[in-house]
Amino acid sequence: MASLALSSLYLSYKPLRSSFLLSSSNPSSLLTLNFHPKKFPKSNKLRTLVVAKSNDSDSADASDRLISALCYFFPFFDGIQYGKFVMTQFYPIQAIVEPLIPAIRVFKSFPLNDFLVFFTLYFFVVRNPNFSRYVRFNTMQAIVLDMLLIFPDLLERGFNPRGGIGLDLIMSFDSTVFLFLLVCLIYGSSSCILGQLPRLPIVADAADMEVL
């Protein structure tokens with residue numbers, strides 16, 4: 001844009017200089033009078049459009065990425081009990097979870113913590129237009145993922161075998177739920193840290209419908 005303005009200045013300046021030599025000894029004054037930045041309003045308009053595009057509803061700055069990444073720890077902490085079988089059998093998974101044990105203990109220290117965190121995230125983040133859509137969408141995904149834990153909880157309450165094939169089925173089911181939560185935590189949090197928009201299976205469409 002600057003080169004376009006300079007080229008138009010150059011074209012307007014040549015004939016004015018030659019005509020001004022016949023009427024004045026100070027061509028710089030005429031040059032100053034004729035240097036009106038006609039193209040600069042368009043430049044400002046273009047700059048505004050670029051800024052608006054960079055502030056798209058799905059874009060995220062550093063704080064948005066951090067908040068979104070932390071939200072995915074909520075369903076994982078809430079469903080940590082489903083990993084009691086798989087963590088005792090596979091040390092690498094236990095090594096991944098071990099650094100999170102202090103935070104998990106704090107989360108589990110009060111029985112109503114999961115409800116408090118749930119309502120806090122929903123009413124103060126998802127329903128808060130001051131947060132970007134990026135943050136609200138990721139928060140809603142974490143909330144929906146946590147809501148799905150109702151089903152394995154109901155299954156365990158209604159079907160609690162002490163041994164045999166029933167216990168094997170419960171162990172396999174709990175381990176599957178835990179591994180799903182672990183994959184969602186790793187994928188969701190790492191994507192947010194990188195500024196990408198993770199879409200978790202099952203819950204992404206529900207989060208889209210809730211976050212306008």
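Author: We will go through a helix crossing and then some aromatic pairs in this predicted model.

Reader: At what angle do the axes of helix α11 and helix α12 cross?

Author: The axes of α11 (residues 150–158) and α12 (residues 164–193) cross at roughly 160 degrees and come within 11 Å. Because angles over 145 degrees count as roughly antiparallel, α11 is described as roughly antiparallel to α12. The crossing of these two helices is left-handed, and the contact is made by Pro152, Leu155 and Glu156 of α11 together with Ile170, Phe173, Asp174 and Val177 of α12. Sorted by class, that contact of α11 with α12 has 5 nonpolar residues, 2 charged residues and no polar ones.

Reader: How is a pair of aromatic rings described?

Author: One gives the distance of the centres and the angle of the planes. The count here comes to 8 aromatic pairs. In one of them, the rings of Phe119 and Phe123 have centres 6.0 Å apart and planes at 15 degrees, so the pair is stacked. Phe119 and Phe123 are 4 residues apart in helix α9 (residues 113–126), which means that about one helical turn separates them.

Reader: Which residues do ring pairs link into a cluster?

Author: The cluster consists of Phe73, Phe74, Phe76, Phe77, Phe107 and Phe178, linked by ring pairs.

Definitions and conventions: Residues numbered from 1 in each chain as written. Predicted model: local features only at pLDDT ≥ 70, side-chain atom pairs only at ≥ 80, totals over all residues. Heavy atoms only, no water. Axes fitted to C-alpha atoms, helices over the stretch in contact; angles between N-to-C directions. Parallel < 35°, antiparallel > 145°, perpendicular 65-115°, else oblique. Left-handed = near helix turned anticlockwise from the far one by under 90°. Contact = heavy atoms within 4.5 Å. Nonpolar A, V, L, I, M, F, W, Y, C, P; charged D, E, K, R; others polar. Phe/Tyr/Trp six-rings, centres within 6.5 Å; stacked < 30°, edge-to-face > 60°.
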